[in-house]
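The following exercises ask the reader to reason from a predicted model. Each task is followed by a solution in steps.

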Amino acid sequence: MAQMVAQRKLLSMGIYLRDLNLLEHIQKIKTLVFDKTGTLTLAELRIKNPQEIDTLSTQDQSVLFHAAAQSQHPVSQSIYQNMITKSLPLANLQVQETAGHGLEIKFESDRYFMGRSDVNATFVFEKNGEKLIHLEFEETLLEDARPVFEYLKLQNYRLHVLSGDKIEKVASIANKLGIQESEYTAQCTPQQKEQWLQTNHPETSLFLGDGLNDSLALESALISGASLSNSLTLLHMRIFIFQP
């Protein structure tokens, strides 16, 4: 009965528990680990240099658009929304997505790649191994993220941010959250996020991610949560699925 009452109260706050046994484990949590994009920030990204797309040929634009349409990653969705008003021919693509890396695309005799550069973690669009364009994105920190972090620190939780973004972007968000350099890790692959959790007391950790590139990390922590909503605010009212 107590669990049912707690479940109803949590639902009213926008939190859904997949397993009520979580309530027996939550008191063990000492470390809260966050993904950045789509978790601490709005999932919608804005392209800072959209004019780069206009420099592409019609075929290359079509490949970029139709490939982006096949991915739910925030970067892909930002590109898709930016290009949706363009009149582009259909492109019959073969697309393979690698979490945390990008999309491998085959169109006729050409091979494309869109995703994170191995050199500096920026977004690139390549054709047959040659870079066509690189795009820059900016994101918006959830308005209540900083007060939530301040509150959690007062409760003596250890906080850490794991992100696949380059160091400059992660450092900027960290500065807004008031966390130190030792409390965030940038340019993480999904495997590196998993490894970080496995070597940093997973038995007392709770991980919050976006559910897209974080499946390995979600499975590594004692308790994990994934956001299902971009319209509500972090932790207090945002809809999360939690599971032990």
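## Exercise 1. Salt bridges and a buried network

The side chains of K193 and D214 form a salt bridge, with N and O 2.9 Å apart.

**Task.** Locate K193 and D214 in the chain, classify each as buried or exposed, and state which residues are linked with them in a network of salt bridges.

**Solution.** 

1. The cut-off for a buried residue is under 20% relative accessible area. K193 has a relative accessibility of 5% and therefore counts as buried.
2. D214, at 1% relative accessibility, likewise counts as buried.
3. The network of salt bridges consists of D35, K193 and D214.
4. If neighbours within four places in sequence are left aside, D214 is in contact with D35, K193, F207 and G209.

## Exercise 2. Two further salt bridges

**Task.** The structure holds 9 salt bridges. For the one between D165 and K36 and the one between K153 and E183, determine which parts of the chain are tied together.

**Solution.** 

1. The side chains of D165 and K36 meet with an N to O distance of 2.7 Å.
2. D165 is in the loop between β10 (158-162) and α7, and K36 is in the loop between β2 (31-35) and β3 (46-47); the pair therefore ties together parts 129 residues apart in sequence.
3. Both D165 and K36 are buried.
4. In the salt bridge between K153 and E183, the closest N and O atoms are 3.4 Å apart.
5. K153 lies in helix α6 and E183 in the loop between α7 and β11, so this pair ties together parts that are 30 residues apart in sequence.
6. K153 has a relative accessible area of 33% and is partly exposed. E183, at 17% relative accessibility, counts as buried.

## Exercise 3. Aromatic pairs

**Task.** The structure holds 4 aromatic pairs. Classify the geometry of the pair F65 and Y80 and that of the pair F123 and F137, and place the residues in the chain.

**Solution.** 

1. The ring centres of F65 and Y80 are 5.1 Å apart and the ring planes are at 15°, so the pair is stacked.
2. This pair links distant parts of the chain, with F65 in helix α4 (residues 58-68) and Y80 in helix α5 (residues 74-83), 15 residues apart.
3. F65 counts as buried at 12% relative accessibility, whereas Y80 counts as partly exposed at 23%.
4. The ring centres of F123 and F137 are 5.8 Å apart and the ring planes are at 85°, so the pair is edge-to-face.

## Exercise 4. A nonpolar surface patch

**Task.** State which residues form the nonpolar patch on the surface, and where M1 is placed.

**Solution.** 

1. The patch is formed by M1, M4 and V5, which together have about 390 Å² of accessible area.
2. M1 is placed in the segment before α1 (2-12).
3. With a relative accessibility of 76%, M1 counts as exposed.

Key. Residues are numbered from 1 along each chain as its sequence is written. This is a predicted model: local features need pLDDT of at least 70, side-chain atom pairs count only at pLDDT 80 or more; totals for chains, interfaces and linings use all residues. Side-chain values use heavy atoms; hydrogens and water are left out. Patches are made of residues with over 30% relative accessible area and no salt bridge: like charges are joined within 9 Å, nonpolar side chains (Val, Leu, Ile, Met, Phe, Trp, Tyr) within 5 Å. Accessible areas come from the Shrake-Rupley method with a 1.4 Å probe; for residues, only the protein chains shown count as cover. A salt bridge is a side-chain nitrogen of Lys or Arg within 4 Å of a carboxyl oxygen of Asp or Glu. Helices (H or I, at least four residues) and strands (E, at least two) are DSSP runs, numbered from the N terminus. Buried means under 20% relative accessible area, exposed over 50%, partly exposed in between (1.4 Å probe, protein chains only). Rings of Phe, Tyr and Trp (its six-membered ring) pair if their centres lie within 6.5 Å; planes under 30 degrees apart count as stacked, over 60 as edge-to-face and the rest as tilted. Contact means heavy atoms within 4.5 Å.
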